Amino acid sequence: MAAPHSKTPVAMKLITVAGPPSSGKTSVILKTIAALGLPEGSVGVVKFDSLTSFDHQRYDEQQIPNQTAFAGKICPDHFFVSNVEGAVEWGMKKGLSVLITESAGLCNRCSPYVNAILSVCVIDNLSGVNTPRKIGPMLKYADIVVVTKGDIVSQAEREVFAFNIREVNASATVLFVNGITGQGAFLLARYWQDALDIRTLRDRKLRFTMPAAICSYCTGETLIGEMYQMGMVKRMEFDDV
Amino acid sequence: MSALDYVAEVSAVPIGDILRRYPLAADYLANIRLSGVDETKTLPEILEDVDEDMLEEFGLDREEVIFHFCAFIEAFSRVKRPDEAISSITILGGRNKTGRPEMVELTITPGEVVSIVGPTGSGKSRLLEDIECLAQRDTPTARQILINGSVPDADKRFVAGGKLVAQLSQNMNFVMDLTVQEFLEMHAKSRMIAGSAAVVEKCFAVANSLAGEKFTLDTKVTQLSGGQSRSLMIADTALLGSSPIILIDELENAGIDRREAVKLLVGNEKIVLMSTHDPLLALRADKRIVIRNGGITKVIETTAEEEETLHKIEAIDSVLLDIRNQLRGGGIVAKESIPEFQEI
């Protein structure tokens with residue numbers, strides 16, 4: 001076991017990492033923590049997932065303090081925002097100097113970023129060249145966009161992918177990180193070192209509204225038909241036939 | 001010009017004319033589901049008829065759309081400062097895995113080819129990575145990389161991050177579902193190259209001259225053979241890429257004219273570093289870096305004698321190539337096509 005870290009932290013850096021499932025978030029986090037070179041036990045991770053996750057094993061192997069929570073039937077973004085303050089409290093109690101939250105963007109409308117808190121979006125080169133144009137706020141409001149799996153696609157495709165990212169978010173820093181070898185994690189770590197020190201998240205504001213849904217299906221309705229639908233419902237418009 | 005300067009123009013000029021002036025702006029509209037609009041109307045007129053709820057999904061109201069649209073035009077119309085020319089990179093030694101210092105200072109200039117040799121796991125990739133991130137004695141090897149003889153400022157190091165260096169490795173594939181022509185046009189568009197048709201044409205011709213087997217402009221990039229893919233990647237990197245430094249991690253020895261490929265890169269004033277054990281490539285480099293146990297143990301200048309051996313190696317290589325072509329053509333490999341070797 002790691003020697004317990006100082007239990008009286010002055011403040012802690014918080015970094016929010018989001019990205020589509022299997023884009024390589026955990027690998028990028030692990031490699032970047034290694035590149036940070038901080039004492040063992042001083043960097044922790046809170047993983048927000050939906051149903052199940054095996055990533056805690058990977059964090060445990062590296063002796064990285066971590067907590068995993070499952071949104072279950074709740075919208076993962078809503079679950080994130082109602083628990084991220086608790087995550088910060090946990091990190092402070094644990095005496096961490098850096099806390100990373102990891103959350104999977106599942107609906108292309110996720111936007112788990114907080115004003116002034118370093119936000120990192122992880123997407124992979126294999127996900128299709130138009131993906132950056134489709135994933136919305138999670139990419140548009142990120143400070144840093146990390147592109148993974150670049151080692152297996154051509155240089156030209158990497159450049160086009162980065163260009164499509166800039167079309168959506170011209171102000172973000174785009175970094176290429178290899179989640180297997182860690183190539184590029186060094187630069188990412190340099191950005192993490194400059195993340196804001198905080199004590200709490202209370203009263204901070206989200207960068208963008210969360211996906212909304214308050215309808216009968218949110219509360220367990222399973223029957224199909226207009227008569228079972230209540231609350232906020234959005235209807236598709238079909239062409240007249 | 002700032003984004004605000006475009007607002008007057010966007011408010012007065014029909015969107016069709018705006019899109020002809022700034023073709024990329026069509027992408028911004030498409031990204032917020034506003035493609036195929038009435039070209040005779042101005043953007044503010046078009047927005048009158050757009051459902052506010054739809055805009056709200058993107059976190060925008062009508063005024064913000066106009067401002068963001070202008071900011072987009074501004075960002076992509078900015079006259080790019082010509083990148084400072086790279087006249088040299090210098091590798092200052094750090095230390096190997098056991099902490100022993102590397103006694104090396106190596107300067108490489110455009111048009112030079114340096115190969116990197118050493119056993120698997122010896123640290124070849126680490127060296128390529130130190131160059132990529134312009135290490136400043138802050139990576140595990142403690143190496144320092146100088147640009148044009150001096151320490152690159154932090155701004156350059158982070159902002160230019162990734163653009164200085166293009167990488168090419170054996171594991172790389174094309175994943176886009178595009179034809180060769182569409183692929184090259186897309187890359188040219190992202191580089192915002194004027195007169196892209198001519199560049200695309202040239203790139204295609206050069207790629208085909210490198211490839212053992214020819215391909216057409218309407219071949220899907222995913223259907224190209226290994227050699228054809230590599231040829232296209234190299235031609236594209238040399239002619240359409242902006243990176244002055246090229247890092248190559250092995251080149252296939254089949255289906256591609258390696259000598260011409262290296263010549264092409266060097267001829268376009270690139271600095272080429274190649275991790276390779278292919279004698280034809282390693283010996284054609286001006287120098288080779290030998291790596292062992294995480295450190296550079298020596299830098300060998302290719303000797304005149306080694307250059308002479310190249311002819312023999314080329315002869316052996318062409319024999320193999322010939323046999324390969326016989327097989328490819330469905331022929332029977334003739335005993336006579338293989339020269340006699342001295343018994344040892």
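What percentage of the 344 residues of chain B count as buried? The figure is 33%, where a buried residue has 20 or more other C-beta atoms, placed from the backbone, within 10 Å of its own.

This is a predicted model, in which local features need pLDDT of at least 70, side-chain atom pairs count only at pLDDT 80 or more, and totals for chains, interfaces and linings use all residues. Residues are numbered from 1 along each chain as its sequence is written, while chains are lettered from A and ligands numbered from 1 in the order in which they are written.

**View 1. Domains of chain B.** Domain 1 covers 3-77, domain 2 covers 109-128 + 156-302, and domain 3 covers 306-344; the bounds come from an automatic or database domain assignment. Between the C-alpha centres of domain 1 and domain 2 of chain B there are 39 Å.

**View 2. Helices and strands of chain B.** Chain B holds 14 helices and 9 strands, counted as DSSP runs (helices H or I, at least four residues; strands E, at least two) and numbered from the N terminus. Chain B is more spread out than a compact globule, because its radius of gyration is 26 Å, well over the 20 Å that the globule rule gives for 344 residues. The radius is taken over C-alpha atoms, and the rule is 2.2 Å times the number of residues to the power 0.38.

**View 3. Chain A.** Chain A has 7 helices and 8 strands. Its radius of gyration is 19 Å, close to the 18 Å from the globule rule for 241 residues, so chain A is as compact as a globular protein of that length. Of its 241 residues, 47% count as buried.

Terms used
Buried ≥ 20, exposed ≤ 12 C-beta atoms within 10 Å, placed from the backbone.
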